[in-house]
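Student: I have a model open and would like to talk through some side-chain contacts. Can we go step by step?

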Amino acid sequence: MAAKNGQTSIEKEQIFGMAEQEMEYRVDLFNRLTKLCFDKCIDKRYKETELNMGENSCIDRCVSKYWQVTNLTGQLLASNRPPM
């Protein structure tokens, strides 16, 4: 039986499943970004409760580069994807 907007329950489940996968991907991406930049930029011995200027600058650059590489990788993968 089709829903009012023309989608079947199977289609809705597929859409929900894809949305769930997208959320898992984004959470994983954020966790990898956080770990990578933290390990790279933050001194292992905590001296202060706040980030210093060097750590802030390093984190800004790290996050920026990480997003640039992630976006470039996505574009390259999309351009090499066979048409559906």
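Student: Is Asp39 buried or exposed, or something in between?
Tutor: Asp39 counts as partly exposed, at 36% relative accessibility, where buried means under 20% relative accessible area, exposed over 50% and partly exposed in between, with a 1.4 Å probe and protein chains only. This is a predicted model, in which local features need pLDDT of at least 70 and side-chain atom pairs count only at pLDDT 80 or more, while totals for chains, interfaces and linings use all residues. Residues are numbered from 1 along each chain as its sequence is written, and side-chain values use heavy atoms, leaving out hydrogens and water.

Student: Which side chain does Asp39 meet in a salt bridge?
Tutor: That of Lys35, at 2.6 Å from N to O, a salt bridge being a side-chain nitrogen of Lys or Arg within 4 Å of a carboxyl oxygen of Asp or Glu. Lys35 counts as exposed, at 54% relative accessibility, and both residues lie in helix α1, four residues apart, about one turn of the helix; helices here are DSSP runs of H or I with at least four residues, numbered from the N terminus.

Student: How many salt bridges are there?
Tutor: The structure holds four, among them Asp28 with Arg32 at 3.0 Å, N to O.

Student: Switching topic, which residues of α1 are buried?
Tutor: Leu29, Leu33, Cys37 and Cys41 are buried in α1, and what covers the buried residues of that helix includes α2 (53-79), with contact meaning heavy atoms within 4.5 Å.

Note on methods
Helix = DSSP H or I, 4+ residues; strand = E, 2+ residues; numbered from the N terminus.
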